[in-house]
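Hi,

Here is the structure I promised to pass on. Have a look at it first, and my notes on the salt bridges and on one of the helices follow below.

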Amino acid sequence: MTCPDATGIVHAVTGVLAGIGANITESQQFSSPDSHQFFLRLSFSTPTPVTAADLEGSLSEVADRFAMEIGLQPGEKRTRTLVLVSKAAHCLNTLLFQQSAGRLPIDIVGVAGNHDVLRPLAEFHGHDFHHIPISPETKESAEAELRRLVTDLDVELIVLARYMQILSPDLCAALEGRVINIHHSFLPSFKGARPYHQAHARGVKIIGATAHYVTSDLDEGPIIEQDVARVDHDHDTADFITQGQDVEAAVLARAVRWHAEGRVLMDGHRTVVFD
């Protein structure tokens with residue numbers, strides 16, 4: 001939940017939960033000195049089953065008093081996820097493996113790509129692959145097909161796993177807060193094609209990756225997670241690419257997990273991440 005910062009918020013919320021016999025198993029909070037917003041994430045169990053509607057009813061008076069926005073989800077919930085890809089396999093492979101290993105609380109309901117090369121990988125893991133070619137002339141119809149998939153598959157989250165297409169502003173707006181992208185962290189220094197080659201040529205010492213929500217501002221959406229790895233003069237371009245891909249896959253998987261677990265809250269253009 002989030003609301004304007006004030007005295008007594010935690011006491012009021014936990015008092016309601018105590019009143020229904022809830023046992024709090026995890027509690028994290030943050031008061032933003034910049035936006036003066038308060039953020040709270042609680043995990044709890046109840047002695048008998050309780051519905052989200054009943055919980056909302058119990059919390060309604062507190063929510064009104066503090067002007068709260070409250071989100072509730074069952075702890076065992078798995079987020080229905082569509083993964084978009086192009087040709088690079090490293091991020092998709094990590095997501096598929098971690099989901100199958102029970103390390104990501106998501107259900108991958110499909111994989112879609114503007115190229116067909118990753119179909120065997122998706123189908124090996126038992127997932128349908130949807131080939132949606134895109135060209136400047138077909139972009140509008142391709143995005144219409146993507147919207148149809150989102151509706152038909154009841155998609156809650158879209159992951160751009162090195163999907164090398166720019167979503168239109170209209171699609172970004174329609175899917176706000178539901179699309180996560182991953183890219184290398186060289187921006188804005190090394191734009192365009194072959195960024196790892198550019199970075200190697202300039203002798204960079206740190207490479208990294210950024211996972212963020214997608215907005216109509218290209219690669220400028222609210223950041224969820226970042227990480228870096230050190231490189232030096234004896235790494236060649238292939239080493240840069242391999243190490244960079246490892247960082248990208250790990251960062252994206254963490255961002256997807258935190259989103260699916262309800263650990264990411266918005267604070268304006270920034271995020272609060274209770275990891």
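For what follows, buried means under 20% relative accessible area, exposed means over 50%, and partly exposed is anything in between. Because Arg-254 comes out at 22% relative accessibility, Arg-254 counts as partly exposed. Please keep in mind that this is a predicted model.

Salt bridges first. Side chains of opposite charge can pair when their charged atoms come close. Searching the whole structure turns up 16 salt bridges, and I picked out a few to show you.

Arg-254 has Glu-225 as its partner, with 2.8 Å from N to O. Arg-254 sits in helix α8 and Glu-225 in strand β10 (residues 223–230), so this bridge ties together parts that are 29 residues apart in sequence. Glu-225, at a relative accessible area of 15%, is buried, while Arg-254 is partly exposed.

With 24% relative accessibility Glu-26 is partly exposed, whereas Arg-263, with 11%, falls under the 20% cut-off and counts as buried.

There is also a bridge between Arg-257 and Glu-261, at 3.8 Å from N to O. Both ends are partly exposed: Arg-257 has a relative accessible area of 27%, and Glu-261 has 24%.

How do these fit together? Glu-26, Arg-41, Arg-257, Glu-261 and Arg-263 are joined in a network of salt bridges.

Now for helix α2. This helix covers residues 52–66, and its 15 residues should span 21 Å at 1.5 Å a residue; the end C-alpha atoms are 20 Å apart, which agrees. Even so, α2 has a kink of about 50 degrees, centred on Leu-59.

Which residues of α2 are buried? They are Leu-55, Leu-59, Val-62, Ala-63 and Phe-66. The spacing is worth a thought: an α-helix has 3.6 residues a turn, so residues three or four places apart point the same way. As for what they pack against, the buried residues of α2 meet β1 (2–4), α1 (9–19) and β3 (37–45).

Cheers

Conventions
Residues numbered from 1 in each chain as written. Predicted model: local features only at pLDDT ≥ 70, side-chain atom pairs only at ≥ 80, totals over all residues. Heavy atoms only, no water. Salt bridge = Lys/Arg side-chain N within 4 Å of Asp/Glu carboxyl O. Buried < 20%, exposed > 50% of the residue type's maximum accessible area, 1.4 Å probe, protein only. Helix = DSSP H or I, 4+ residues; strand = E, 2+ residues; numbered from the N terminus. Expected span 1.5 Å × (residues − 1). Bend = angle between axes of the 7 residues up to and from the residue. Contact = heavy atoms within 4.5 Å.
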